[in-house]
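Thanks for coming, everyone. Please bring the model up on your screens, and I will walk through a few places in it.

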Amino acid sequence: ASLAKVIDGKAVAKTIRDEITIEVTRMKESIGVVPGLAVILVGDRKDSATYVRNKKKACDSVGIKSFEVCLSEDSSEEEVLKSVSSFNDDPSVHGILVQLPLPSHMVEQNILNAVSIEKDVDGFHPLNIGRLAMRGREPLFVPCTPKGCIELLRRYNVEIKGKRAVVIGRSNIVGMPAALLLQREDATVTIIHSRTKNTEEITREADIIISAVGQPNMVRGSWIKPGAVLIDVGINPVEDLSAPRGYRLVGDICYEEACKVASAITPVPGGVGPMTIAMLLSNTLTSAKRIHNFE
Ligand code: NDP
């Protein structure tokens, strides 16, 4: 049997970053505006600090200006809201991102609601999500990870219209918007979550699977319809004493088994991960263009 085609998210993300670099330069030269992204980091989670650092690096690489505010773990909700509000008013900022999760004494909703929907490059404002869910409405921004999943399907010419799609996971940031996006693309969508029964029967019907669970190697080869296209969002550390840091990252889908059944599959790492940041840059550019009426 032939092996599945590898969907190379790293390469696609590089292509997209190159496209963005060209547009950022064109914008700067024509109207003198440089797109700007503001990131608010609260607390000292190591993983969050790494994500923020990577986002800054990615901005630098395409010529987007980045702004950063770091607040201490014990800062108040009001202080975070104050930062959000000053970025809302700052004309050199076109995108605002609040790195999640927030410390537990804060109400995430209050802060996400405060981000101007014109600058909501993460697409987490309830108005943007609501518009995503409604027919005939257009969100100003779509959440980056699910948008990256669809972009991979598009760039690999995977037809979505009329197909059976299964999304595993229903989180606000990945699973739920991924299902809405697939539906907008005219797939017939089923959502699987922790209370779903007969999961394997459902996945076996799917032409396209997007998995965003956070369980290493949960989806086995036997769960997959021959020829299906698999997008694995999961990033799960598993112990590996031969790896430099004592662990390595695997997806939700058991790659070794799945690649013998599927027609195409994203690797972990190097699949969806790099696309998420590319979509954030893309959303920031789109925002700057919209705010300045630049085509
Ligand atoms: P959440 O923990 O918020 O959501 C996980 C979802 O999976 C929930 O809806 C949960 O169901 C469901 N679930 C849990 N166990 C099972 C199970 N056994 N069978 C079926 N469904 C199950 O995670 P996120 O959506 O934030 O992230 C998911 C994964 O994606 C993680 O590994 C994360 O690291 C990764 N990720 C990767 C990104 C990237 O850029 N590539 C970006 C964001 C996340 P229920 O709702 O019932 O609890």
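Start with helix 7, residues 175-184. Its buried residues are Gly175, Met176, Pro177, Ala178, Ala179, Leu180, Leu181 and Leu182. Buried means that 20 or more other C-beta atoms lie within 10 Å of the residue's own; exposed means 12 or fewer, partly exposed is in between, and C-beta atoms are placed from the backbone. So 8 of the 10 residues of helix 7 are buried, and the helix is largely enclosed by the rest of the structure.

A word on the source. This is a predicted model, where local features need pLDDT of at least 70, side-chain atom pairs count only at pLDDT 80 or more, and totals for chains, interfaces and linings use all residues. Residues are numbered from 1 along each chain as its sequence is written. Helices (H or I, at least four residues) and strands (E, at least two) are DSSP runs, numbered from the N terminus.

What covers the buried residues of helix 7? The cover includes helix 5 (126-133), helix 6, strand 5 (164-168), strand 6 (188-192) and strand 7 (208-211).

Take helix 6, residues 144-155. Helix 6 and helix 7 pack at an angle of about 40°, and their axes are 8 Å apart. Axes here are lines fitted to C-alpha atoms, for helices over the stretch in contact, and angles run from 0 to 180 degrees between N-to-C directions. The two helices are therefore oblique to each other. Angles under 35 degrees count as roughly parallel, over 145 as roughly antiparallel, 65 to 115 as roughly perpendicular, and the rest as oblique.

Which residues make the contact? Helix 6 brings Pro146, Cys149 and Ile150, and helix 7 brings Pro177, Ala178 and Leu181. Contact means C-beta atoms, placed from the backbone, within 7 Å. By class, that is 6 nonpolar, no polar and no charged residues. Ala, Val, Leu, Ile, Met, Phe, Trp, Tyr, Cys and Pro count as nonpolar, Asp, Glu, Lys and Arg as charged, and the others, Gly among them, as polar.

Now the backbone. Most residues other than glycine have a negative phi, and most peptide bonds are trans. Just after helix 7, Asp186 takes a positive phi of about 70°. Asp186 sits in the loop between helix 7 and strand 6. With 13 other C-beta atoms within 10 Å, Asp186 is partly exposed. Asn217 is not a glycine either, and has a positive phi of about 55°. Find Asn217 in the loop between strand 7 and strand 8 (229-232).

There are cis peptide bonds to look at, too. One runs from Leu100 to Pro101, with omega near 0°. Pro101 lies in the loop between strand 4 (95-98) and helix 4 (108-114). Another runs from Val268 to Pro269, with omega near -5°. Pro269 is in the loop between strand 11 (264-265) and helix 10.

Last stop, the ligand. Of the 24 residues around the ligand, Gly169, Ser171, Ser194, Gly214 and Thr276 come nearest. A residue counts as near if its C-beta atom, placed from the backbone, lies within 6 Å. Which helix gives the most to this shell? Helix 10 (residues 272-291) does, with 3 residues. The shell divides into 9 nonpolar, 13 polar and 2 charged residues.

Definitions and conventions. Two residues are in contact if their C-beta atoms, placed from the backbone, lie within 7 Å.
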